[in-house]
Amino acid sequence: MKALFTICLFFLVNLTLAQTTIKGIVKDSKGETVPGVNIFLKGTYEGTSSEVDGSYELETDETGKFILVFQAMGFKSQEFEIDLNGSEQTFNPILKETINEMTAVTITAGAMEASDEKKAVVLRPIDIVTVPSAMGDIIGAFQTLPGTANVGNDGRLFVRGGDASETSIFIDGMKVGNAFGTTASNVPTRTRFNPNLFKGSFFSTGGYSAEYGHALSSALALNTVDIPVRNQGDISLLSVGMGYSQTLVGEKNSLTATANYMDLSPYQAMVTQNFDWERAPYGWDAEVSARQKWGKSGIVKAYARTESGGMKIWQKIPGSEGRGQLVDLKNHYTFTSGSFKQIGKNDWSYYGGISYSNNVDEFTLDQIDIRNQNRVIHAKAVALKGFSDKFSLKTGLETYLFSYEEGLKSENLVRDFNDLQANIFTEADYYVSNKLIFRGGLRAGHSVLADQTWLDPRFSLAYKFENEGQLSLAAGQFSQMPVEELRIASPDVQNTIANHLILNYFLTKNGRTVRAEAFYKDYKKILTYEGAQYFYRNIQQNGTGYAQGFDVFYRDQKTVKNTDFWMTYSFVDSRRKFAQFTEMVQPGFAPRHNASIVVKHFVSGLKSQLGGSFAINDGYTYTDPNFAGQMNAKTKGFRDLSLSWSYLPKPNLIIHFACSNVLGRDNIFGYQFSPTPNESGKYESLPIRQTAPRFIFVGIFLTLSKDKTANNLNNL
Amino acid sequence: MKKHTLIIALLMFVATFANATNEAYEKAMHKEIQAFGKAGPVSEVQKSANAFARIAEMNAGEWLPDYYAALAYANMGFRTEGGLEEKDGYYAQAKKHIEKAKAISPNNSEIVAVEGYIVMGELAADPNSRGQSLSGLAMQTFGKAIGLNRQNPRAIILMAQMEYGMAQFFGQGPEKACGLVASSLELFAKEAAEAKEGSIDPLWGKGMAEEMKERTCK
């Protein structure tokens, strides 16, 4: 036993015999010195850090062969074999930078991202829902962003000269069919989905990734909250309805159930309306959202929403007396989706899911009963592999099942179509450095109904300057099948095709964001036809068009204390031959000049956030049949000033007041003309106006939870 | 018999050796904690962070080295004069270490408190745009840390800072925050009285409480 200890002792003593000095200077690939590098002998306590000038000196009593490691934030680690023998040794390593997800360049062409987690974002999710003119509608907020047009008699999202059907909406990557509520013509609609479902959004006005298809102009990807932070109940009492939401959160899962009821009758009884309502819009909705974390990094989300509502409205017919035509509308809608995300081994990750949308509209127009049903099933699976920090490849498979049926119930006439579409896409990201990235993608698709196969190439790149500003370029081809109402009349129609070219400059620094973008887009194979819905005739696919222009966005959260404001100007020159037009015209939904300003100011003394937004454009084109030509007239410009006041008397209570069109301007979105001229040979007209001079919204939001500071500011 | 002697000898050897590594570990930690306590500028704190990271590499089963490395990186985030990207870089590094510490010692009040401290740093780096999303998370995390150990003065003083920020935002008085400051100071005193010489357990944060008492709760 003694001998054993002696051996041990000898062994230990032997270790301390010689002292070796290792020294040198650490530099990066540009030749600049790197301070704070962690330098150590693997498997020992021996180590040091480089000084401000990159130099280091490590003295060690160890002897023998070791591995000397250099480690620093933002650089690849380097290791050297070293033989410690008492003589001084010098190592001057040159460290290579790693691609840092947080500081590296990102492609911002066409994109406007709202996220709490990422960089190069235009807005935070909370900013979107507190836009005064939005009235809690997520799309209302996007209408204050560059590239969009405010089309007040429609309410949907119109991007860069494209019509509303050209924007596809995705929730957690899954396609949402009929994302907007059904409405009567010229009565604006809203998105069905509550803003507080989402933690972030990616809104692209062109040049987007090969992952998004079935969208000609724009993709809007909304990402839902993963796991809510706490158990809570949310009560909302609104001037137009009420709702309750309960959230239960477990260690690895959560469940949120929500129910809302909405009825505009009491409100319309108090506030003057421009429209002749027989029954004000009403509706209820219920939704359940469940989350389960899975393994170390996986999450599965399930969501189901069902709703039902309706309205009855008298719509005047130009040139005739009386209340006009009675439109009785009922809508039933269901959306369910399941999605998953999983990070695998060896830099693989996977995501995907399946969604189902079912929309049923029942109209009664005078004596005619109409029933339309639109169903979309979307399934998607994507695998992502990072081959190195510089190169990654994303590949996905998607199938869509589009199923549409329209029927004149009173005539016992029903027709339908089903289309199965299969898509495959692949996209490669290559970082040349932290400053330069290339992205190339391909998207292929096949439609069974149209018997068409297509291939859409996409490409983008971005370069980041020293001052953190970055320049992005994106180009690509985008395909989309025409809308269901036309496909059913002509099932063999093919894709409409758009080509995008976008140049973008983006800089965000110290609470200020500048974004400028120029774009060119051309359209091929647009549908033209005669007649109206259910009676389309002579459908052809030889329409063409283009849209070009630029937009600028400036946001400042710094200059004025407690104040956040942004302003946008978009110029769009768009002409297309489409619908009933026989020549290229400026569409009525594409005003040339669009601008908006949003200001939010927090007043601590009043415990209030005050907001204002102002939107203006140069008017909408329309065809006046009393004169020659198509789209030969233009309305006066649209103007809207909206104000809001959110009062937070207690951290868990919010009282929100908002008013649109405070100045009461009589905005006109176009004119309807009588189908035949009157006795004096003149076509009589009626202006398409706002539903009411103003919309006034009052809401009380109360959050019940153990954490008294929680509130549902997101609901505003 | 001989066989037994050998086994005993081997066991003793292993025990001595284990003890030696443990001593080396504690000695190294003690030395670095002292240096960390005195470290002023970011460049010095970086050296401490590096040293803790090295000790962590050597002692995969100990949570304290990663805990201190995370704390050092969080402090760098708070102290640096640099921009948002630089701050976020430090917080990202801090998160890496705190995740490792959590994996070694789950449901540890001290670790959860530093986790909240990192969130607080990210919040302070850009309060305008992160306030809404992170203030709730920070308070929730400190609440969890307090729930795990009601005697953790660091969790309490950090919570006091968040409470004070919230109270200011909503135009309320600092009473609640100051109550927390007072109870944290009591716990700090108790902790100091009980701490053993050469302890490597977390003992920081008293200065923060004293300063807050001086500034806000007079």
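This is a predicted model: local features need pLDDT of at least 70, side-chain atom pairs count only at pLDDT 80 or more; totals for chains, interfaces and linings use all residues.
Figure 1. The buried residues are B:Pro153, B:Arg154, B:Ala155, B:Ile156, B:Ile157, B:Leu158, B:Met159, B:Ala160, B:Gln161, B:Met162, B:Glu163 and B:Tyr164. Their cover includes four helices of chain B: H5 (109–125), H6 (127–148), H8 (175–194) and H9 (206–216). H7(B) itself takes in residues 153–169, and at 1.5 Å a residue these should span 24 Å; the end C-alpha atoms are 24 Å apart, which agrees. Just after H7(B), B:Gly171 has a positive phi of about 65 degrees.

**Figure 2. Chain B as a whole.** Chain B contains 9 helices and 0 strands. The C-alpha trace spans about 80 × 40 × 30 Å along its principal axes. Of the 218 residues of chain B, 41% count as buried. Among contacts in chain B with a separation of 6 or more, 61% come from residues 24 or more positions apart.

Figure 3. A:Leu41 has A:Leu68 in E6(A) as its bridge partner.

Figure 4. Strand E34 (residues 593–603) and strand E35 (residues 608–617) of chain A run antiparallel, with 10 bridges between them. These two strands form a hairpin with 4 residues between them, and A:Lys607 in the turn has a positive phi of about 50 degrees. A:Ala595 stands opposite A:Ile616 of E35(A). E35(A) is also joined by 9 bridges to strand E38 (residues 639–650) of chain A, again in antiparallel fashion. There, the bridge partner of A:Ile616 is A:Arg639 in E38(A).

Figure 5. In soluble globular proteins, nonpolar side chains tend to be buried together. The largest nonpolar core here has 71 residues, and A:Phe142, A:Phe170, A:Ala219 and A:Leu220 have the most contacts inside it. Strand E31 (residues 512–530) of chain A gives the most to this core, with 5 residues. Leaving aside neighbours within four places in sequence, A:Phe170 is in contact with A:Lys175, A:Val176, A:Ala219, A:Ala221 and A:Leu222. Another core, of 58 residues, lies apart from the largest one. Among its residues are B:Tyr117, B:Ala138, B:Phe142 and B:Ala160. B:Ala160 is also one of the buried residues of H7(B).

**Figure 6. The two domains of chain A.** Chain A is divided into domain 1 (17–95) and domain 2 (111–715). The centres of the two domains, taken over C-alpha atoms, are separated by 56 Å.

**Figure 7. Two loop residues of chain A with positive phi.** Most residues other than glycine have a negative phi. A:Arg160 has a positive phi, near 45 degrees. A:Arg160 lies in the loop between strand E12 (158–159) and strand E13 (167–171) of chain A. It has 28 C-beta neighbours inside 10 Å and therefore counts as buried, the cut-off being 20 or more. A:Asn412 also has a positive phi, near 60 degrees. A:Asn412 is found in the loop between strand E25 (391–408) and strand E26 (413–433) of chain A. With 7 C-beta neighbours inside 10 Å, A:Asn412 counts as exposed, because the limit for exposed residues is 12 or fewer.

Technical notes
Residues are numbered from 1 along each chain as its sequence is written. Chains are lettered from A and ligands numbered from 1 in the order in which they are written. Two strands pair if DSSP finds at least two bridges between them. The expected span of a helix is 1.5 Å times one less than its number of residues. Two residues are in contact if their C-beta atoms, placed from the backbone, lie within 7 Å. A nonpolar core is a set of buried Ala, Val, Leu, Ile, Met, Phe, Trp, Tyr and Cys residues joined through C-beta atoms within 7 Å. Domain bounds come from an automatic or database domain assignment.
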